[in-house]
Amino acid sequence: MAARYESTHDRGLTRLLETVRALPEGERPWCSGVALAAGTGSGPLAEEVFGWAVRYAAYDETAGRGVELPRERWVPVRHDTVFDLASLTKLFTTIVALRAVERGLIALDGQVAGYAPECTAAAEHGITVRQLLTHTSGLLPELPLYEENGRERALARVAAEPPVTPPGTARRYSDLNFLLLQRVLERTAGRPLDRLVKETVTGPLGMAATRFRPPASWRPRTAATEDQRRPWGKLDRGMLRGVVHDENAWALGGVAGHAGLFSTAGDLAVLCRALLAGGGPVLSAASTELMLTAPGLGFEVDQPWFMGELAGRGAAGHTGFTGTSLVVDRARGVYLVLLATTVHPRRRPGDSAPRAAAATALARALS
């Protein structure tokens with residue numbers, strides 16, 4: 001595909017493709033496979049796939065490497081490959097929340113316990129919806145909800161968890177914020193989060209390849225994640241494919257405010273183009289502006305560690321533990337989606353340098 005871009009003298013995009021193509025290659029690749037979608041509000045600039053959606057049967061902890069499947073069973077990444085989005089799910093929960101604000105169901109500065117009285121710790125400490133969206137509630141990053149006996153006990157533990165710093169005084173990224181937000185949204189709308197995401201985001205945008213709990217029929221085109229076992233994992237679940245990687249989201253039934261969605265790069269590009277166009281039909285222009293402007297609601301703003309040189313002019317986006325990332329740069333009018341399998345066959349220390357490099361290549365292609 002690089003030759004096609006060279007033929008139009010667009011060497012910047014060729015460099016972007018070369019950067020992403022290298023990610024699943026070499027002795028110690030960053031990922032097993034990757035899907036790229038980059039474009040503007042009017043359409044794609046580059047949509048390419050590289051590497052393997054399924055390559056390993058397991059991880060050999062003694063040898064310190066993956067156990068490869070027979071070569072004929074490797075599954076390449078295709079344009080319709082579905083990835084576990086991990087924390088990119090938070091962006092969808094955020095959009096549902098801001099739509100609820102537009103409809104008058106909740107207020108950004110309304111107290112969580114006013115909508116979900118069972119959230120007793122939030123009531124005691126006066127935690128607000130805005131503090132959940134800006135990660136300033138003071139809550140811990142996570143809890144081992146997978147250790148609880150059932151979904152209701154897990155949710156009760158979140159509801160009773162007090163902040164460790166006074167709400168509104170410090171920023172601490174926390175999955176618990178989006179579990180409380182899920183509770184607020186489900187209580188006020190009277191419908192579960194998966195239905196709210198479909199009604200608010202994926203349905204209006206025609207994102208037919210985006211959903212929680214993908215059906216068995218999707219498994220052949222779903223990228224594998226991890227041979228999830230202790231001590232590197234938190235549970236012993238074996239090689240995962242088509243079920244959520246995040247242990248807490250799995251313990252909650254696969255639908256959680258912080259993780260659980262699956263999607264394709266092409267579907268996420270549709271969302272990015274909607275945001276570049278002002279948010280319609282999912283949000284008003286005013287809500288979109290508020291969401292994507294520093295400090296950001298749900299979205300991270302101007303973070304060079306994964307946005308590279310796209311950061312600095314108001315770029316907004318997020319990353320996911322499984323290897324996913326999304327950046328929307330309204331100043332340049334571009335977006336970048338990378339869906340990778342960095343946890344296949346097992347998780348490793350975080351490294352967002354390749355994400356930043358891809359973003360920088362796109363920024364330089366436009367300069």
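Mentor: We take the cysteines, then the pockets. Keep in mind that this is a predicted model.

Trainee: How many disulfides does the count come to?

Mentor: A disulfide needs two cysteine sulfur atoms within 2.5 Å. Here the count comes to 0 disulfides.

Trainee: Is Cys-31 buried or exposed? And Cys-272, buried or exposed?

Mentor: Buried means under 20% relative accessible area. Cys-31 has 1%, so it is buried. Cys-272 has 0% relative accessibility and is buried too.

Trainee: Now the pockets. What is the volume of the largest pocket?

Mentor: Rolling a probe the size of a water molecule over the atoms shows where empty space is left. The largest pocket has a volume of about 730 Å³. Its lining has 36 residues. Nearest its centre lie Ser-87, Thr-319, Gly-320, Phe-321 and Thr-322.

Trainee: Which element gives the most to that lining?

Mentor: β12 does, with 3 residues. By class, the lining of the largest pocket holds 11 nonpolar, 13 polar and 12 charged residues.

Trainee: How much space lies in the second largest pocket?

Mentor: About 550 Å³. The second largest pocket is lined by 21 residues. Glu-27, Arg-28, Pro-29, Tyr-56 and Arg-348 lie nearest its centre. β4 gives the most to this lining, with 3 residues. The classes are 7 nonpolar, 5 polar and 9 charged.

Conventions:
Residues numbered from 1 in each chain as written. Predicted model: local features only at pLDDT ≥ 70, side-chain atom pairs only at ≥ 80, totals over all residues. Heavy atoms only, no water. Buried < 20%, exposed > 50% of the residue type's maximum accessible area, 1.4 Å probe, protein only. 1 Å grid on protein atoms, 1.4 Å probe; cavity = no way out; pocket = protein on both sides within 12 Å on 5 of 7 lines; lining within 4 Å. Points joined across faces, edges and corners; volume = space filled by probe spheres on them. Helix = DSSP H or I, 4+ residues; strand = E, 2+ residues; numbered from the N terminus. Nonpolar A, V, L, I, M, F, W, Y, C, P; charged D, E, K, R; others polar.
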